[in-house]
Amino acid sequence: MKKKILIIVSNANSIGPNNRRTGTFLPEVAHPYADFDKAGFQIDFASLTGETPYLDGLDLAGDPGNLKFLTGDGWAEMQKATKLSYVDTTVYDAVFTPGGLAPMVDMPEHQTLKKVLAETYERGAVVGAVCHGPVSLLNVKLSNGKYLVDGKNITSFTTEEESMYAIADVPFDLQTELSKQGAIFHAETAWSAHSIADGNLVTGQNPESARGVGEKIVASLNQKN
């Protein structure tokens, strides 16, 4: 049967005291989408509120993968994202959260999202996220009471990278908070491609890591035939 993957996106469009415009960062959804599409997966979108989500990084539309997402089925489907609470997430082989600054606004404490990720992880399906997307993993508790990230090898947008990008806009430092919940955090050179698979958990450090996350999710699902 065709593998099914759910991409969960933020609905935020501004962040911080200066209302910096934001959204899902285009390459972080477009590049994994291309990997999933090439693998023949069924790809569906959910957002936290069910309203039309926003894209950031449209200045990168010249990239072939980004352009294909914008002009093909990807962006059209993302605009029709179903409200997460309406989705039967148990039918999906993987869930993936792309980054951009937007998830830092509405994903740290979203209870439906936390429940979905805990249940997805515990039934052995793949949970993936890239850049600021791993904020979705923050505050996710498993049935044993432990944080999902506790003792897991993961990465996300790093403290070093944030200091050069949006330190004045984000409500907290993601690397620091994930580490506080027990994550074994791996930070590579700033802006370099870096992704990690630890069992059925796949994370990437920054936009350059989005392809690697997509490839690792595909590889994990193909091993589950």
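**Stop 1: the largest nonpolar core**

Select Leu-6, Ile-8, Leu-84 and Leu-178. In this predicted model, these four touch the most other members of the largest nonpolar core, which has 33 residues. H5 gives the largest share, 5 residues.

Stay on Leu-178 and show what surrounds it. Leaving aside residues up to four places away in sequence, Leu-178 touches Pro-134, Leu-138, Val-149, Ile-154, Ser-156, Ala-183 and Phe-185.

**Stop 2**

Switch to a cartoon view. Look for an open sheet of 7 strands with mixed pairing. Read across it in this order: E7-E5-E1-E8-E9-E13-E12. Which strands stand at the edges? Color strand E7 (82-83) and strand E12 (195-198). Each has a single partner strand, so one side of each is left without a neighbour in the sheet.

Strand E5 (residues 42-47) runs parallel to E7, and 2 bridges join them. Pick Ala-46 to see one of these pairings: its bridge partner in E7 is Thr-82.

**Stop 3: strand E9**

Move along the sheet to strand E9 (126-130). Is E9 enclosed or open to the outside? Of its 5 residues, 5 are buried, so E9 is largely enclosed by the rest of the structure. Show the side chains next. In a regular strand they alternate between the two faces of the sheet. Val-126, Gly-128 and Val-130 point one way from E9, while Val-127 and Ala-129 point the other way.

Now check the neighbours of E9. On E8 (94-97), 4 bridges make the join, and the two strands run parallel. Select Ala-94, which stands opposite Val-126. Strand E13 (201-204) is also parallel to E9 and joined to it by 4 bridges. Select Ala-129 here, and Thr-203 stands opposite in E13.

**Stop 4: two helices across the sheet**

H1 lies across E1, E5, E8 and E9. Its direction is about 150 degrees to E5. Then go back to H5. This helix lies across E1, E8, E9 and E13, and runs at about 130 degrees to E9.

**Stop 5: Thr-22**

Zoom in on the loop between strand E3 (20-21) and strand E4 (24-25), where Thr-22 is found. Is Thr-22 buried or exposed? Its relative accessibility is 5%, so Thr-22 counts as buried.

Draw two distances from its side chain. A polar atom there lies 3.4 Å from the backbone nitrogen of Leu-101. The side chain of Thr-22 also reaches the backbone nitrogen of Ala-102, at 3.3 Å. Show the other contacts too. Beyond residues up to four places away in sequence, Thr-22 touches Ala-12, Asn-13, Ser-14, Ile-15, Tyr-54, Asp-56, Gly-100, Leu-101 and Ala-102.

**Stop 6: the whole chain**

Zoom out. The protein chain has 8 helices and 13 strands. Its radius of gyration is 16 Å, close to the 17 Å that the globule rule gives for 225 residues, so the chain is as compact as a globular protein of that length. Along its principal axes, the C-alpha trace spans about 45 × 45 × 35 Å. Color by burial: 54% of the 225 residues count as buried. Residues 24 or more positions apart account for 77% of them.

Methods:
Residues numbered from 1 in each chain as written. Predicted model: local features only at pLDDT ≥ 70, side-chain atom pairs only at ≥ 80, totals over all residues. Heavy atoms only, no water. Core = buried A, V, L, I, M, F, W, Y, C linked by side-chain atoms within 4.5 Å. Buried < 20%, exposed > 50% of the residue type's maximum accessible area, 1.4 Å probe, protein only. Contact = heavy atoms within 4.5 Å. Pairing = 2+ DSSP bridges. Axes fitted to C-alpha atoms, helices over the stretch in contact; angles between N-to-C directions. Polar contact = N/O pair within 3.5 Å; in protein donor to acceptor, adjacent residues only side chain to side chain. Rg over C-alpha atoms; globule rule 2.2 N^0.38 Å.
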